[in-house]
Amino acid sequence: KNVIVGNCALVRESFISDDTVVGYLVDIARSYVGRSCWFSRVHIADSLLDDDVNLGGGTIIASLRLDHHPISLKINNEKVQTTRSKLGAIVGKGTQIGAKTTIMPGVLIGKNCVIGVGVVVKENIDDNTFCKVDQQLIFRRNIVLYNSEVRKKFKSMLR
């Protein structure tokens, strides 16, 4: 009820709960999405999202290991094998995830978390946690100077 599915969205073998907005260019595969969630331009695969979860644009919830081995979960500091080759994330109620964030397979994210922009989440996050990447921009004088003569010479080499 009251679900909005935007242009170019693809929902495959998934359940979308009431009052959720599946915005533009969203891909949801084999997942459960709770009530009042909101996302646009994201990929969600083989995951469980509780109510009131928001994903910023460009967020990816991955569900397949590069080596295709089964996904394991870390529960109470113990590694639990699932025997599943695909398993995304389990995201708790009220969690907000910033744009361009990547969540690796088998990650558990607690309720009421805030994950900043551009974070790669490789391990579980406890309830009520804020996390972000502390990035440092470095500015230096550019020592490689291109002028029109250098460009002309380069273009002539390409011919």
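1. Buried means under 20% relative accessible area, exposed means over 50%, and partly exposed is in between, using a 1.4 Å probe and protein chains only. By that scale valine 114 is partly exposed, with a relative accessible area of 35%. Valine 114 sits in strand 18, residues 114–115. Strands here are DSSP runs of E with at least two residues, helices are runs of H or I with at least four, and both are numbered from the N terminus.

2. A word on the model. It is predicted: local features need pLDDT of at least 70, side-chain atom pairs count only at pLDDT 80 or more, and totals for chains, interfaces and linings use all residues. Residues are numbered from 1 along each chain as its sequence is written, and side-chain values use heavy atoms, with hydrogens and water left out.

3. Overall shape. The protein has one helix and 20 strands. Its C-alpha atoms fill a box of roughly 60 × 40 × 30 Å along the principal axes. The radius of gyration is 20 Å, whereas a compact globule of 159 residues would have one near 15 Å. That radius is taken over C-alpha atoms, and the globule rule is 2.2 Å times the number of residues to the power 0.38.

4. Of the 159 residues, 35% count as buried. Contact means heavy atoms within 4.5 Å. Among contacts with a separation of 6 or more, 21% come from residues 24 or more positions apart.

5. Which strands form it, and in what order? Six strands do, in the order 2-5-8-11-16-19, with parallel pairing. Strand 2 (10–12) and strand 19 (120–121) stand at the edges with a single partner strand each, so one side of each has no neighbour in the sheet. Two strands count as paired if DSSP finds at least two bridges between them. Strands of a sheet pair through backbone hydrogen bonds, either parallel or antiparallel.

6. Strand 16 (residues 102–103) runs parallel to strand 19, and two bridges join them. Isoleucine 103 has valine 121 in strand 19 as its bridge partner.

7. An antiparallel pair. Strand 12 (residues 72–75) and strand 13 (residues 78–81) are joined by four bridges in the antiparallel sense.

8. Glutamate 78 is 36 residues from valine 114 in sequence, and their C-alpha atoms are 25 Å apart.

9. Positive phi in two loops. Most residues other than glycine have a negative phi. Cysteine 8 has a positive phi of about 60 degrees although it is not a glycine. Cysteine 8 lies in the loop between strand 1 (4–5) and strand 2. Is cysteine 8 buried or exposed? At 57% relative accessibility, cysteine 8 counts as exposed. Aspartate 19 also has a positive phi, near 60 degrees. Aspartate 19 is in the loop between strand 3 (15–16) and strand 4 (21–22). Aspartate 19 is partly exposed, with a relative accessible area of 30%.
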